[in-house]
Amino acid sequence: MSSTTVSDPAVKPAMSRRETLEALSGIILGMFVALLASTITSSSMPRIVAALGGSQSSYTWVTTATLLTTTVSTPLWGKFADLFNRKLLVQLALVITVLSAAAAGFSQNIGMLIACRAVQGLGAGGLTALATVLVADIVSPRERGRYMGIMGGVMAVSQVGGPLLGGLITDSSLGWRWNFFIGVPFAVLAILVLQNTLHLPARPKKVARIDYWGASLISVGVALLLLWVTFAGNKFAWGSWQTAVMVVVAVGCLVAAVLVERLVDEPIIPMHLFANRTFVLAVVASISVGVAMYGTAVFLSQYLQLSRGKTPTQSSLLTIPMVVGTMLAGVVLGQIISRTGRYKAIMVGGGVVLIGSLLGMSTIDAHTSFVLIGIYLFGLGLSVGALMQNLVLAVQNTLHVKEMGTGTATVAFFRSLGGAIGVSALGAVLAARVKDDVVSGLTHLGVPADQLAGGSSAVPDLSTLPGPIRAIFENAYADGISEIFLIAVPMAVIALVATIFIKEIPLGKRSGIELVLEEQSTVERAQVAVAAEADTVGEELAAERRG
């Protein structure tokens with residue numbers, strides 16, 4: 001049901017513009033805190049993993065653990081948003097995100113760091129699902145592009161400010177552990193601002209029937225698939241019995257999950273949503289964008305630091321073109337969408353630019369001009385900004401207000417799933433390619449790989465290596481990471497095709513709150529009419545008895 005089909009001029013706007021901006025300030029601050037906790041370590045991660053004695057596989061899993069828990073928890077948070085108090089939920093997600101990030105600062109080994117990042121992903125899943133739902137509550141689809149542009153700008157600032165701040169902290173006397181502690185006071189401020197500014201109307205109380213079986217089956221199925229993609233070809237062969245067991249069990253769990261979701265009263269992912277053409281195409285595009293976005297950008301720091309010899313601070317500065325592209329796409333394109341009500345052409349253009357940018361990044365090596373890399377990164381940011389939020393907007397415009405939380409979270413779930421699979425699969429490809437190239441290069445020099453600290457699979461500290469060996473690692477990482485960008489190109493093509501087939505529906509002009517109040521008003525009028533009719537019938541019967 002389109003949000004544009006409901007109309008009742010008697011219902012007044014639920015919030016003034018000032019109230020809307022005040023409420024948005026709390027939501028945006030919450031997003032900023034969550035993104036800061038996630039991005040502040042991105043430029044420092046090569047040094048952190050090396051300091052904790054981690055391997056290339058460990059490096060991948062520091063990110064994959066967060067994406068895995070974000071992915072499996074996102075639809076749960078979305079369902080909770082349709083059942084419980086959304087303000088309390090977003091505050092709880094903030095607390096989980098920041099406390100787990102702070103705990104990561106005390107990590108003594110790579111395993112503890114991965115575990116803390118996994119818990120952090122649970123909070124990130126909540127913020128991913130709830131922030132966009134809350135915006136839909138207070139802003140109409142037609143105006144949402146403008147406000148999402150503001151959110152895109154804040155996201156861009158956190159994306160560049162986080163790595164830059166993390167790099168400065170890591171390069172200073174404080175050390176990398178303070179990356180994890182810096183977000184705590186910001187989180188406290190965000191919780192207080194949300195408490196004072198976000199005022200949502202009471203919704204009709206519903207009996208909370210949580211689909212535990214569906215949640216468990218989805219979680220196990222997705223986790224097994226990610227584990228298989230990560231370990232196959234590295235820990236065991238693609239055609240091994242381990243592969244057979246993991247794939248069969250994962251597929252079995254997901255098939256069982258579909259059957260459960262068709263039967264329960266409150267499914268985590270309602271199957272009838274897949275009858276919505278826009279929803280299905282947005283899911284396909286979101287998976288592809290997730291692979292291209294997460295699966296490539298997460299390894300940029302390794303290229304800049306391990307292949308080009310840059311410090312964490314320098315590597316974060318070199319990613320500014322991508323952030324600027326994202327910010328411009330969010331702010332400028334958001335304004336255009338709000339003024340024109342048209343969004344499809346922008347998404348199609350974003351898909352084209354994404355393909356070109358990934359093709360450009362697939363040509364980089366250990367000596368590519370940073371100006372050229374900056375151009376490619378700008379295009380990558382521009383395309384992600386044009387696609388990511390607008391795919392959600394297109395879906396929200398077709399959802400019933402009662403399914404806003406579930407539908408929005410489901411799109412975010414598939415985007416995170418694509419990102420998690422992308423990071424796992426591309427990380428496995430990178431680890432295998434780097435190991436083979438390093439072993440080959442060391443063999444050519446007559447140096448056994450086991451003489452290096454941690455062997456050829458460890459993330460190296462290049463400053464400790466002799467010149468010839470350092471050059472081997474630099475070229476291996478450059479070639480491996482450029483190959484990752486090339487592998488991501490077909491996914492970008494799928495995203496473009498999906499956006500081309502999305503049918504553009506005029507954007508609605510009522511916010512989620514207005515639709516809820518409108519629906520409640522309709523129900524109340526119907527109840528009054530029924531009561532009045534009952535009174536009339538009673539009076540007629542009484543008159544007949546008197547007669």
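**Notebook: two helix pairs**

I started with helix 14 and helix 17, which are roughly antiparallel to each other (angles over 145 degrees count as such). The model is predicted: I take local features only at pLDDT of at least 70 and side-chain atom pairs at 80 or more, while totals for chains, interfaces and linings use all residues. Numbering runs from 1 along each chain as its sequence is written, and side-chain values use heavy atoms, without hydrogens or water.

**Helix 14 and helix 17.** I looked up the axes of helix 14 (residues 344–361) and helix 17 (residues 467–500): they come within 8 Å and cross at roughly 165°. Axes are lines fitted to C-alpha atoms over the stretch in contact, with angles from 0 to 180 degrees between N-to-C directions. Helices are DSSP runs of H or I, at least four residues, numbered from the N terminus.

**Helix 5 and helix 15.** Here the axes of helix 5 (residues 110–138) and helix 15 (residues 370–396) come within 12 Å and cross at roughly 50°. Thr132, Val133 and Ala136 of helix 5 meet Gln389, Val392 and Gln396 of helix 15.

**Confidence.** I checked pLDDT, the predictor's confidence in each residue from 0 to 100. The chain mean is 76, and 78% of residues reach 70 or more. Helix 14 is highest at a mean of 91, and helix 18 (residues 512–546) lowest at 61. Over residues 1–13 pLDDT stays under 50. Where pLDDT is low, predicted coordinates should not be read in detail.

Key: Angles under 35 degrees count as roughly parallel, over 145 as roughly antiparallel, 65 to 115 as roughly perpendicular and the rest as oblique. Contact means heavy atoms within 4.5 Å.
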